[in-house]
Amino acid sequence: MSVFNNPAFDEHESVHYFTDQTTGLRAIIAVHNTRLGPGLGGCRMYPYASSEDALTDVLRLAKGMTYKAAMANLPLGGGKAVIIGDPKIQKTDAMMRAMGQRVQLLRGEYITAEDSGMSVHDLNLMAEQCDYVGGHFAHFNYLGEPADGNPAPATAYGVFVGLKEAVAYQLKKPLEQLHVAIQGMGHVGFRLAKLLSEAGTRLTVTDIDTELSQRAAKAFNATVVDVDDIYDVKADVFAPCALGAIINDSTIERLQCKVIAGAANNQLEEERHGRILKQKGIAYAPDYILNAGGIIDIHHQRIESSPEKLKQHLESIGNTVVQVLQRADTNNLPTNLVANAMAEERFQQCGASS
Ligand code: NAD
């Protein structure tokens, strides 16, 4: 099947295939849209069953980055890279350098960053060969403290602000009167729990790693529930911070919350689940708006910026979420569709006359 016939193809501006016989590199870079700026998105290494699967993944992910960057008010577009192979056994330093050379060939049309199967070490190797790498160094975090490039603190803060504003709009409740159920106590979920706990929010948490949920119970006096019981918790907010597709036909009827606001990517299994949430009176804060803190952080580390500017940018996530909720109410539409339409307005109109 050709690129143009792939169901995930959405008028991507360019798709590049790269090989390197010496290192065994086989990679695809897709650039979806650069009207707002160069396509930024992570490089993923995964043992795809076929090059067709790799193509579908990179096309889908690159498109997602265009929408995320547009709604985060970034001068960036959407791009993504995939390397076909098992990172545990096939990845070598030479392969990473070869990948850096390939990214350099695109002369900034695409800026790469970390994704699954890749590490900061790998990005540093690519950066030896390439000027277009993000997220492998950090000058500061949003609090003005030294930082190591891990995007999770910025992501968690963006989710916290988005959740707070969504609840203020939807429930007219301050954080100290809230009960939030968080799925996943990993890098983002735990930090989100800390921010909420400091604001006086009551927490219920779960994680497949019981040590992590017990750690949260101890640190934040959180109630711990079994992994499958998180959907039934009678809380004001459900915050998915573990994995995607958790809003689906089997979970949606069980939800007791009034707001969904979390970090996980692709929370809705299908777009139609957004409409069902609307019908149930649950306000869904679109995932890619809430979890944009990581790319906002990467952007500020690449330009002349400051912790204050980074923090202000992260806090703009709150405004964006409220705009989406308002527009969804006014037009009686699901928030996921409103967010997509707003993103399209931004990246399609920009530069349209040129
Ligand atoms: P992580 O791997 O550190 O944490 C995920 C946690 O979820 C782990 O502790 C894992 O044990 C737990 N988990 C997995 N399956 C579960 C289940 N069925 N029920 C309950 N817990 C389960 O990942 P993270 O960096 O905290 O990211 C969390 C989510 O946010 C992911 O979906 C990620 O793609 C998304 N995200 C993260 C960032 C970031 O900056 N880290 C940025 C954007 C989006």
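**A loop residue and its surroundings**

Guide: Thr 23 is a buried residue, since its relative accessibility is 18%; buried means under 20% relative accessible area, exposed means over 50%, and partly exposed covers what lies in between, with a 1.4 Å probe and protein chains only. The model is predicted, so local features need pLDDT of at least 70 and side-chain atom pairs count only at pLDDT 80 or more, while totals for chains, interfaces and linings use all residues. Residues are numbered from 1 along each chain as its sequence is written, and side-chain values use heavy atoms, with hydrogens and water left out.

Thr 23 sits in the loop that joins strand E1 (14-20) to strand E2 (25-33). Helices (H or I, at least four residues) and strands (E, at least two) are DSSP runs, numbered from the N terminus. The side chain of Thr 23 forms a polar contact of 2.6 Å with the side chain of Asp 20. A polar contact is a pair of N or O atoms within 3.5 Å; within protein, one must be able to donate a hydrogen and the other to accept it, and residues adjacent in sequence count only if both atoms are side-chain atoms. A polar atom of the Thr 23 side chain also lies 3.4 Å from the backbone nitrogen of Leu 25.

Strand E2 also holds His 32. This histidine is buried, because its relative accessibility is 3%. Between His 32 and Ser 14 there are 18 residues of sequence separation, yet their C-alpha atoms are 6.9 Å apart in space.

The account now passes to the helices. Within H1 lies Asp 57, which is buried because its relative accessibility is 11%. The side chains of Asp 57 and Arg 44 make a polar contact at 3.2 Å. Just after H1, Asn 73 adopts a positive phi of about 55 degrees.

The buried residues of H3 are Met 95, Met 96, Ala 98, Met 99, Gly 100, Arg 102 and Val 103. After H3 comes Arg 107, whose phi is positive, near 50 degrees.

Positive phi values are found in two further loops. Ala 245 is not a glycine, but its phi is positive, about 60 degrees. Ala 245 belongs to the loop between strand E9 (237-240) and strand E10 (259-260), and is partly exposed, with a relative accessible area of 29%. Asn 266, another residue other than glycine, has a positive phi near 50 degrees. The loop between E10 and helix H8 (272-279) contains Asn 266, which is partly exposed at a relative accessible area of 47%.

The ligand is next. Of the 19 residues around the ligand, Thr 155, His 187, Val 188, Asp 207 and Asn 265 come nearest; a residue is near a molecule or strand if one of its heavy atoms lies within 4 Å of it. The shell around the ligand divides into eleven nonpolar residues, seven polar and one charged. In this grouping, Ala, Val, Leu, Ile, Met, Phe, Trp, Tyr, Cys and Pro count as nonpolar, Asp, Glu, Lys and Arg as charged, and the others, Gly among them, as polar. Helix H5 (152-170) and helix H6 (187-198) each supply at least two residues of the shell.

A backbone N or O atom of Ile 208 lies 3.5 Å from a nitrogen atom of the ligand. Taken alone, the ligand exposes 820 Å², of which the protein buries 73%; these areas come from the Shrake-Rupley method with a 1.4 Å probe, and for residues only the protein chains shown count as cover.

Finally, the cysteines: a search of the whole structure finds zero disulfides, a disulfide being a pair of cysteine sulfur atoms within 2.5 Å. The sulfur of Cys 241 has its closest cysteine sulfur in Cys 257, 13 Å away, which is too far for a bond. Cys 241 is buried at 12% relative accessibility, and Cys 257 is buried with a relative accessible area of 4%.
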